[in-house]
Amino acid sequence: MARKGDASADPYGEPRKFDPKFRGPIHNRHCTDVLCCVIFIVVILGYIALGILAWVHGDPRKVVYPTDSYGQFCGQKDTINENKTSLFYFNILKCASPIVLINLQCPTTQLCVSKCPDRFATYIDMQGSYRHNKSYWEYYRQFCKPGFNKPWKSVAQVIRDEDCPSMIIPSRPFLKRCFPDFSTKNGILTVANQTTFKDGRGKTRNVTDLREAANGINNVLDARSVGMKIFEDYASSWHWILIGLFIAMVVSLLFLVLLRFTAGVLFWIFILGVIGIIGYGVWHCYWEYDHLQGTPGSDLTIYDIGFQTDFRVYLQLRQTWLAFMIILCIVEVFIILMLIFLRNRIRIAIALLQEGSRAIGYIMSTLFYPIITFVLIAICISYWAVTAVFLSTSGEPVYKVMANQTLCKYANLTCDPETFNTTNVTKLCVSAQCTFAFYGGEGFYHKYIFIFQLSNAFVFLWLVNFAIALGQCTLAGAFASYYWAFRKPADIPTCPLFSSFGRAIRYHTGSLAFGSLILAIVQLIRIMLEYLDHKLKGTQNSFTRFLLCCLKCCFWCLEKFIKFINRNAYIMIAIYGKNFCTSAKEAFFLLMRNVVRVAVLDKVTDFLLFLGKLLVAGGVGVLAFFFFTHRIPVFTQETPTLNYYWVPLLTVIIGSYLIAHGFFSVYAMCVDTLFLCFLEDLERHDGSAERPYYMSKSLLKILNKQNVEIKRH
């Protein structure tokens, strides 16, 4: 009765009118948001064309294989460098950081070699011992330019022409590039256990001079050995990890099935526990307040002592404990009053949770639908990643003049290696060389690579959101079929999940694409704001940083709101088959007319699902911990020997959480769908023979309502 009175004065529209033909999800539908459907299909076709264009122009070998100064790939089969898999830098001291090395922009000659140097050596030392020990030269020449065989050439000319490196340093390959073999000995940085080296120009230098050129590489290389150990742990424990994940799946299923019996118990135990803990806090604050009576200095006020960095000072004041006690008392009274005034709505929320568990029990196939969503998202991610790689590797080799910038005005200008020796550059800049710099181009396609990458990211977001929307609409249609079945389970249609999926694809692709498009636009804006924030992080403009922070916060809130609206709009689409805007408006107004019920149900559902995820991940995690640490006597012999027991342990815990999240996301969608159906049921029907309620008997009992006894055939 109160509901009708409230609704009539509600600014969010009038309650639903009775429709005698309505019997759940409408089957006689028509296509909605056709224009958006057409645009969506055209965009998909364009996305395919973009992928083909990227695959034609791109070359992922540029990522897989490093490229030498001549634009040739190292280690590529059927080439002269097939057996030369590593890239060697003539003078690594010219490289500012590992990022410069990986991007192939280090201003020194780069050469493909079969293996990295394993010793210290200089061209001067090699030349001095060449007459009586030619093996020195045979080893050294493999790091010189191909075809160079003049060990008697002067050092100055060799360094000028960069025929050979002035020095070689013990290195090991990382990302197929030769980096100094750093290690730490007694806290001192060394290379091959040495702290100094000859630079090939008559100077002895400390290995710390190499630090800037290979900054951070040592940690990465150390992580490489850790990675090998982690791989070994996975290889020896993968089957036990699968067993743990299977247990997590079984526990998740059991939790959902048992929620129909335990939802109320779990919630009230938690609430009573919170009330008890706060009550104990009130008593403890009063005890401290009374205990400090008569203690010197305890009657001072917080204002008297001012700000103190040591928080324990405030705990010696009676006023502090009095403030704590008052705050806890207010919180306690607030919770108790909320429970008193909202007790009926809490009972409704618990009844809907139990009804959701019952619905999943009748339509068990819905629990495995997230697999379809996962496959669709995996396809989108794979296509996006491959297209992004091909786009980033599109372009022709670009060569630039490498010379001393202070002496040569042609330094860093583009050049053609085939005609470079016939130009005036070699005459004006004696030591200049035309070497490979990077991949790029000046054509139409290459000028718009950034736009193509942005389009790739946007369509990826759109498709991912569409896959999620399709799953939500499909599940909503299946669970709505359950709710609007008057006699459960007799009136539940056959294959409700498959039928709902067919309706969503056939009639509502445009509506789902419309909602996904709005969300994708907001997400793309958020990504661009994050990019700008990253670029402007070093700026001193406080207003710019403040403005960006505000924009990021606003768009984060907007994204959350749109996700909420979309989710409920898809439920209404699944039930009534209307277009996106109409469904979103009707869902929003329906929820606003019942905003208190929405808030209560949302929090109760969030709590129970969080408890379930914690139970599954924590329970399986504890079991895995005892197993992998050899603390279960029965399985001591079967437990594998591991380098790091936390590797399979964390995998099991994270995997269990994701499995629980997948199952519980279905449950959350079920509860949200049943809730909207419940609100529709209340507004459409009155329990008469002509307009009977479709809700469960437990909900009718909570609302003190009943249906007139009728016979249905």
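Tutor: A salt bridge is a side-chain nitrogen of Lys or Arg within 4 Å of a carboxyl oxygen of Asp or Glu. This is a predicted model, where local features need pLDDT of at least 70, side-chain atom pairs count only at pLDDT 80 or more, and totals for chains, interfaces and linings use all residues. Residues are numbered from 1 along each chain as its sequence is written, and side-chain values use heavy atoms, with hydrogens and water left out.

Student: How many salt bridges does this rule count?

Tutor: The cut-off is the 4 Å one. The count is 15.

Student: Which residue does Arg 119 meet in a salt bridge?

Tutor: Arg 119 is partly exposed, at 41% relative accessibility (buried is under 20% relative accessible area, exposed over 50%, partly exposed in between; 1.4 Å probe, protein chains only). The N to O distance is 3.0 Å. The partner is Asp 118.

Student: Is Lys 153, which pairs with Asp 163, buried or exposed?

Tutor: Lys 153 and Asp 163 form a salt bridge, with closest N and O atoms 2.6 Å apart. The pair links distant parts of the chain, 10 residues apart. Asp 163 has a relative accessible area of 10%, so it is buried. Lys 153, at 17%, is also buried.

Student: What separates Glu 559 and Lys 563 along helix 17?

Tutor: Their side chains meet in a salt bridge, 3.4 Å from N to O. Helix 17 covers residues 542–576 (helices are DSSP runs of H or I, at least four residues; strands are E, at least two; both numbered from the N terminus).
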